[in-house]
Amino acid sequence: MSPELIERAVRLRQDLGAAGGLAAVDRFIAAQRGLSRADRDLVLDWAGNSVRGVFEVSAVARRDSAGEAVIALNLVDDLDYRVYGLQAAATPAGGFFAGTLLPLAQDDSAWLAAGDEIGYQKADARQVARLAIDLATREPDLVFRNQEKATQGWAYMRRDREEFVTFFGGDELVLPTAAAEGRLNAYYQMRRDSALAARGRHRAVSETGETTFVMPDGFFEFDTVGVIYDEVDGFVVVPEYGMLRALFADPSLAADPRHANVLRAYLREDSIPPLPLRRLAAAFPGNVDAVFRRVLGNRAFTWNQNGSGLLRKRKPGYYEAERTPGVAVLGDRVMTLARG
């Protein structure tokens, strides 16, 4: 790693920060008329391949021609990073920082601290571990930069789904919203030991380390909640699934605005994947065309010919994203720190 590259990257980091940070990369590049091809490619790499996390400084590397670097373990993805330009340069081995790393080399051998990191002392280890666990819970995809963790996540999810099916008698539930948390947490309590290592969407970690189900924001205003544990999409929680299922069971309900609007919301909301609609189309093949024709106002619609195109048009983000496990298995180090 050349000192010239580090100096250039630090200047770019400062200029980009003044322009609004990574969220303003396109505007920054357009405004920098004299930006070299190499600098442009570097900034674009930052936008596409930055790493967010909570880091433990495991060693302060020997100072080289490029300056002082630290070796930091990301407690979220359980990978080591060689980091230059750390603003909290006084962070000793054993200290922590939370922030973003920007790639300096295509082989991931060197990284630049983004400059907005927050430092923590060694005595803050349990608090820092909690930050890492919460981040992994909210955004499991951050964990899967580590391919080993992705492999572990798929294996864990398969076992977890098998236990779910055994406990509930199937992989799809329609529950009264008021009772859903209690029913699902009874499952987690039964699986207490094996559930400790996994974190995923709609799951939280108590102060004692136990995994619990948390109802998504806003769901308590609905009468029912649907829970589907799919082999690929994982653990999916959707609102008002009872009403939607009733609509597909009885297409005449499409004349009722309440039922029709539930289907429209499922098509409209980015947070709802195609899975529930695919499930209902398979469960009620004789009714699916009538339901969509009435709600969409399209008499020529057929699920077999138009269903896939409809879902791809309404859910582009789902089809563009790489499929990843629905749960993230955390590393031994963060769990050790969490236990104090």
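So, which residue in β11 is the bridge partner of Glu172? It's Ile228. Hold on to that pair while I go through the ground rules.

This is a predicted model, so local features need pLDDT of at least 70, side-chain atom pairs count only at pLDDT 80 or more, and totals for chains, interfaces and linings use all residues. Residues are numbered from 1 along each chain as its sequence is written, and side-chain values use heavy atoms, with hydrogens and water left out.

Okay, the sheet. It's open, with three strands in the order β7-β11-β12 and antiparallel pairing. Strands here are DSSP E runs of at least two residues, helices are H or I runs of at least four, and both are numbered from the N terminus. Two strands pair if DSSP finds at least two bridges between them. β7 (172-176) and β12 are the edge strands with a single partner each, so one side of each has no neighbour in the sheet. From one strand to the next, the twist averages 20°; the angles are between N-to-C directions of lines fitted to C-alpha atoms, on a scale of 0 to 180 degrees.

Now the pairings. β7 and β11 (residues 224-230) are joined antiparallel over five bridges. Between β11 and β12 there are six, also antiparallel, and those two strands make a hairpin with three residues between them. Asp230 has Gly234 as its bridge partner in β12.

What about burial? In β12, six of six residues are buried, meaning under 20% relative accessible area with a 1.4 Å probe on protein chains only; exposed is over 50%, and partly exposed is in between.

By nonpolar core I mean buried Ala, Val, Leu, Ile, Met, Phe, Trp, Tyr and Cys residues joined through side-chain atoms within 4.5 Å. That core has 28 residues, and Leu244, Phe248, Leu263, Tyr266 and Phe292 touch the most other members. Skipping neighbours within four places in sequence, Tyr266 has contacts (heavy atoms within 4.5 Å) that include Val238, Pro239, Leu244 and Lys315. There's also a second, separate core of 22 residues, with Val54, Phe96, Ala129 and Phe144 among them.

Last stop is Arg279, in helix α10. Leaving out residues up to four places away in sequence, Arg279 touches Asp171, Glu172, Ile228, Tyr229, Asp230 and Tyr241. The Arg279 C-alpha is 27 Å from that of Phe144, 135 residues away along the chain.
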